[in-house]
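The sequence and the structure are shown first, and the description follows.

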Amino acid sequence: MKRYILILFLVIFAIQVFAQSATKAEELFLQKNYSEAAVIYKNLLIQAPKNQLYLYRYARCLQENGKYDLAI
């Protein structure tokens, strides 16, 4: 029983950390701080590679930083 509680706690913790990262990335993106947002979006894409919003915003951050080849 303790094992299940520990697993549940770890899953909730991971979701919380993931949500904070996404919120921070969105905040930086909206403030036009593209270089810092790109780092966070890159990490988010490692965790959720098919997320279209993260992919778009990461490419947009790269584009705004002049890294057109990577953005494509």
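## Terms and overall layout

The expected span of a helix is 1.5 Å times one less than its number of residues. Helices here are DSSP runs of at least four residues, numbered from the N terminus.

The model described here is predicted. Its protein chain contains 4 helices and 0 strands, and along the sequence the pattern reads α-α-α-α. Of the 72 residues in the chain, 24% count as buried. Among contacts with a separation of 6 or more, 33% are accounted for by residues 24 or more positions apart.

## Helix α3

Helix α3 covers residues 52–64. It has 13 residues and reaches 18 Å from its first C-alpha to its last, which is close to the 18 Å expected at 1.5 Å a residue. The buried residues of α3 are Tyr 54, Arg 57, Tyr 58, Cys 61 and Leu 62. Seen down the axis of α3, these buried residues fall within an arc of 140°, so they line one face of the helix.

Both ends of the helix have a local feature to note. At the start of α3, a side-chain oxygen of Asn 51 reaches to within 3.0 Å of the backbone nitrogen of Leu 53. Just after α3, Gly 66 takes a positive phi of about 80°.

Helix α2 spans residues 34–47. It has 14 residues, and the distance from its first C-alpha to its last is 20 Å, close to the 20 Å expected at 1.5 Å a residue. Buried in α2 are Tyr 34, Ala 37, Ala 38, Ile 40, Tyr 41, Leu 44 and Leu 45.

Two packed helices are described by the angle between their axes and the distance between the axes. For α2 and α3, the angle is about 145° and the axes lie 9 Å apart. The crossing of α2 past α3 is left-handed. On the α2 side, the contact is made by Tyr 34, Ala 37, Ala 38, Tyr 41, Lys 42, Leu 44 and Leu 45. On the α3 side, the contributors are Tyr 54, Leu 55, Arg 57, Tyr 58, Arg 60, Cys 61 and Glu 64.

Tyr 41 lies in α2 and counts as buried because its relative accessibility is 1%, where buried means under 20%. The C-alpha atoms of Tyr 41 and Ala 22, 19 residues apart along the chain, are separated by 7.7 Å.

Tyr 58 belongs to α3. At 18% relative accessibility, Tyr 58 also counts as buried. Leaving aside neighbours within four places in sequence, Tyr 58 is in contact with Ala 38, Tyr 41, Lys 42 and Leu 45. Tyr 58 and Leu 70 are 12 residues apart in sequence, and their C-alpha atoms are 9.8 Å apart.

Lys 32 is placed in the loop between α1 (2–30) and α2. Is this residue, Lys 32, buried or exposed? Lys 32 is exposed, because its relative accessible area is 61% and exposed means over 50%.

Most residues other than glycine have a negative phi. Lys 32, by contrast, has a positive phi, near 60°.

Conventions. Residues numbered from 1 in each chain as written. Predicted model: local features only at pLDDT ≥ 70, side-chain atom pairs only at ≥ 80, totals over all residues. Heavy atoms only, no water. Helix = DSSP H or I, 4+ residues; strand = E, 2+ residues; numbered from the N terminus. Buried < 20%, exposed > 50% of the residue type's maximum accessible area, 1.4 Å probe, protein only. Arc of directions from axis to C-beta. Polar contact = N/O pair within 3.5 Å; in protein donor to acceptor, adjacent residues only side chain to side chain. Axes fitted to C-alpha atoms, helices over the stretch in contact; angles between N-to-C directions. Left-handed = near helix turned anticlockwise from the far one by under 90°. Contact = heavy atoms within 4.5 Å.
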